[in-house]
Amino acid sequence: MNCSTLLSLVLMLVQLWPCSPSMQNRSAQNIDQSFTAVRRVKRGWLWEPLFATEEQTSTVPVYVGQLKSDLDKQDGNLKYILTGEGAGSIFIIDENNGKIYVTQKLDREKKPFYTLRAQAMNRRTELPVEPESEFIIKVRDVNDNEPQFLDGPYVATVPEMSPEGTSVTQVTATDGDDPSYGNSARLLYSLIQGQPYFSVEPKTGVIRMASQMDRETKDQYLVIIQAKDMVGQAGAFSATATVTINLSDINDNPPKFQQRLYYMTVSEEAPVGTTVGKVFAEDSDIGENAAMNYFIEDDSSDVFDIITNNETQEGIIVLKKRVDYETRRRYSIRAKVVNRYIDDRFLKEGPFEDKTIVKINVEDADEPPVFTLENYVMEIAEAAVSGSLVGIVTAKDPDDDDCPVRYSIVHGMHLKKLFSINEHNGTIITTKPLDREIASWHNITVTATETKNPEKISEANVYIQVLDVNDHAPEFSKYYETFVCENAVSGQLIQSISAVDQDDSAEGHHFYFSLAQEATNNSHFTVKDNQDNTAGIFTAKSGFRRQEQFSFYLPILILDNGTPPLTSTNTLTITVCDCDTEVNTFYCRYGAFMYAIGLSTEALVAVLACILILLVFFLAIVAIRQQRKKSPFSEKMEEFRENIVRYDDEGGGEEDTEAFDISALRTRTVMRTHKPRKKVTAEIHSLYRQSLQVGPDSAIFRQFISEKLEEANTDPSAPPYDSLQTYAFEGTDSLAGSLSSLGSHMSDVDQSYDYLTDWGPHFKQLAGMYTSHRSVGD
């Protein structure tokens with residue numbers, strides 16, 4: 001086995017070194033060496049590992065490595081050829097000995113390696129002596145990139161009072177150099193600004209708290225972090241990043257009142273709800289941690305209250321109950337403020353509340369008189385005469401000077417007709433007798449006014465009850481329609497009666513029923529008192545005859561239980577009816593009505609029939625009149641010559657002469673244009689015949705009238721009185737033209753009137769006049 005065969009077997013087992021992972025690992029392990037001078041063999045090729053250092057500059061090409069075939073005897077018969085990426089421009093080869101040189105500056109971050117191909121040729125035959133072989137030139141990294149913080153600037157937030165070692169945030173820098181070769185991309189973090197409050201982990205860039213900090217002292221910190229490559233060694237590149245760290249608030253401060261003692265005043269005239277004053281507590285925290293509630297602790301809470309203003313965080317003290325200077329002139333209350341949200345972690349720091357004293361002085365004011373009672377209830381009998389005493393109202397000036405007051409009654413003139421009051425002592429008396437049955441209660445309003453200051457007025461309600469006196473006798477509760485049948489038997493109940501009394505009985509009404517004295521000997525009916533304020537009317541005999549007596553009048557005596565008792569006699573009318581076997585009440589009432597008016601059934605039917613006929617006749621007359629009132633325009637109505645508009649109201653006097661401008665009626669929209677006089681020709685005969693067949697232009701005339709009526713109805717400036725409407729409209733022109741010679745531009749000599757003889761007997765005389773005139777002229 002020769003040398004070439006042995007090398008081929010070895011190269012079948014070993015991959016090309018620059019592309020193999022084992023060589024890459026070896027390159028990483030030998031960081032400090034520029035390249036390893038180890039010879040490799042592939043298919044008869046011999047070369048050293050090829051590396052080109054980036055950023056390497058020189059005026060002459062820099063040697064990279066050498067390719068050599070084992071068939072090269074160094075006699076100049078072989079030449080080497082280089083192709084591939086950058087061959088001839090970036091990389092050149094000495095064709096005599098296979099040495100490779102780099103001619104330009106390389107950048108590993110742009111291109112880390114180049115793939116090239118080598119070939120050995122016989123100079124004489126120009127034939128390859130070795131198969132073409134591909135190899136790689138790696139660009140070796142140098143520290144030519146600075147670290148960069150791509151995510152900056154950084155902003156972080158951490159709660160205040162966080163313990164040491166609390167992680168705040170992490171910063172990360174990147175380096176464009178090769179991390180697998182040397183220390184060019186190995187970074188080290190350090191803190192330039194931020195001590196002694198913060199620290200940073202050198203390898204990870206994690207920023208941590210170095211001490212506890214209070215937001216109320218300082219709420220924002222500026223930290224500067226530096227990142228160096230080459231593990232911080234000399235000559236390393238560096239970069240810095242700024243980190244803004246904000247301290248978030250926690251509720252670690254209690255509220256504090258600005259003052260230990262507050263002074264306020266309130267007028268005794270102030271109504272409930274009046275703001276007395278404000279207290280304010282400060283809290284160094286912010287947001288909801290500074291939210292607080294105010295309270296009143298002592299027994300003054302029934303007079304004053306405190307409300308929390310959530311926007312301004314103030315405590316507003318308001319009046320809960322009216323104060324009186326003459327009763328109490330000063331108050332001392334204790335106000336307390338408490339944090340609304342308390343952090344349990346800081347409870348040991350102390351109570352999150354504060355207290356203060358508020359002293360409130362009551363200011364004296366001129367108050368209106370005060371009645372001894374807000375509402376007075378009085379009684380008086382309805383039988384009391386005018387001037388009777390009803391009661392007394394009393395009011396007093398609460399101020400120290402005790403000003404006299406004057407009384408009066410208000411609210412309704414009708415009340416003054418019933419009651420009056422003594423303006424000096426408040427005595428209320430009647431001015432006329434009262435009737436409980438008209439009004440059992442009277443409500444009046446009494447005012448008390450200071451004599452020195454009439455603006456100070458107070459009011460009190462006085463309710464006067466009119467006590468009942470038995471001054472109304474009892475009477476039937478309603479009108480009774482009582483009937484008795486002719487075939488009624490003795491002892492039959494024909495009516496139940498009851499009574500009412502307008503008086504008011506404290507024990508309840510009780511009525512007693514009996515026949516009046518004049519009817520005690522009545523043998524037809526009897527009265528039975530049921531002892532329950534009702535009574536029954538019974539027949540005292542059997543059989544009644546309507547022909548003998550149609551109705552009976554029964555006087556009934558009713559007695560009440562008042563003091564003194566009153567009686568009344570009420571007459572019950574009993575009608576005798578011709579009843580059937582079932583005692584039909586309706587039939588009985590109908591028969592009684594007929595009998596009362598003296599008509600039989602047949603006569604009543606006849607009367608109703610006559611009424612019905614008269615009603616039909618009346619409706620027919622009304623319908624005919626309504627039909628006559630309708631007069632719509634018709635297409636075949638006779639021609640209009642004059643039109644009179646009539647208004648059934650009076651005129652406006654002499655002013656009517658200028659009330660309406662009749663020239664406005666001659667509008668261009670209605671007036672027809674004047675046609676010039678036509679020349680009399682032979683066609684006038686056909687026009688005449690058309691005029692005989694067609695009457696006046698009724699449609700145009702109706703349109704004219706409608707337009708004028710619409711204008712008069714809708715004109716807002718038209719006078720509200722009568723005005724004469726003159727419609728100067730003659731219709732359309734005649735088809736035959738004008739017969740007048742006025743304004744004619746043609747002489748009679750130029751015209752022929754022979755056609756008049758053809759117009760019929762109506763124009764015979766006219767035809768004779770014109771034809772004779774023509775003859776004379778001739």
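Q: What is the bridge partner of Asn309 in S22?
A: In this predicted model, Asn309 is joined by a bridge to Glu314, which belongs to S22. Local features are described where pLDDT is at least 70 and side-chain atom pairs only at pLDDT 80 or more, while totals for chains, interfaces and linings use all residues. Residues are numbered from 1 along each chain as its sequence is written, and side-chain values use heavy atoms, with hydrogens and water left out.

Q: How do you know that S21 and S22 are paired?
A: Two strands (DSSP runs of E, at least two residues, numbered from the N terminus) pair if DSSP finds at least two bridges between them. S21 and S22, which run antiparallel, are joined by six bridges, so the pairing follows from that definition.

Q: What makes S17 and S21 edge strands?
A: Their open sheet has four strands in the order S17-S19-S22-S21, with antiparallel pairing. Strand S17 (256-257) and S21 each have a single partner strand, so one side of each is left without a neighbour in the sheet.

Q: Why is the pair of Phe198 and Tyr221 called edge-to-face?
A: Rings of Phe, Tyr and Trp (its six-membered ring) pair if their centres lie within 6.5 Å, and planes under 30 degrees apart count as stacked, over 60 as edge-to-face and the rest as tilted. This rule gives 14 aromatic pairs. For Phe198 and Tyr221 the centres are 5.7 Å apart and the planes stand at 70 degrees, which is the edge-to-face case. Because Phe198 lies in strand S13 (residues 198-200) and Tyr221 in strand S15 (residues 220-228), the pair ties together parts that are 23 residues apart in sequence.

Q: How do you know whether Phe198 is buried or exposed?
A: Buried means under 20% relative accessible area, exposed over 50%, and partly exposed in between (1.4 Å probe, protein chains only). Phe198 has 2% relative accessibility and therefore counts as buried, and Tyr221, at 9%, counts as buried too.

Q: What makes the pair of Phe304 and Tyr331 edge-to-face?
A: The ring centres of Phe304 and Tyr331 are 5.2 Å apart and the planes stand at 80 degrees, so the pair is edge-to-face. It links distant parts of the chain, with Phe304 in strand S21 (residues 304-309) and Tyr331 in strand S23 (residues 330-339), 27 residues apart. Both Phe304 and Tyr331 are buried.

Q: Why does Leu188 count as partly exposed?
A: Leu188, found in strand S12 (residues 188-193), has 31% relative accessibility, and therefore counts as partly exposed. Thr430, in strand S31 (residues 427-430), has 3% and so counts as buried.

Q: Which residues have the most contacts inside the largest nonpolar core?
A: A nonpolar core is a set of buried Ala, Val, Leu, Ile, Met, Phe, Trp, Tyr and Cys residues joined through side-chain atoms within 4.5 Å. The largest has 25 residues, and those with the most contacts inside it are Val279, Phe304, Ile317, Val358 and Ile360. Strands that each supply at least two residues of this core include S21, strand S22 (314-319) and S23, and the largest share, four residues, comes from S23. A second, separate core of 24 residues includes Val168, Phe198, Met209 and Ala227.
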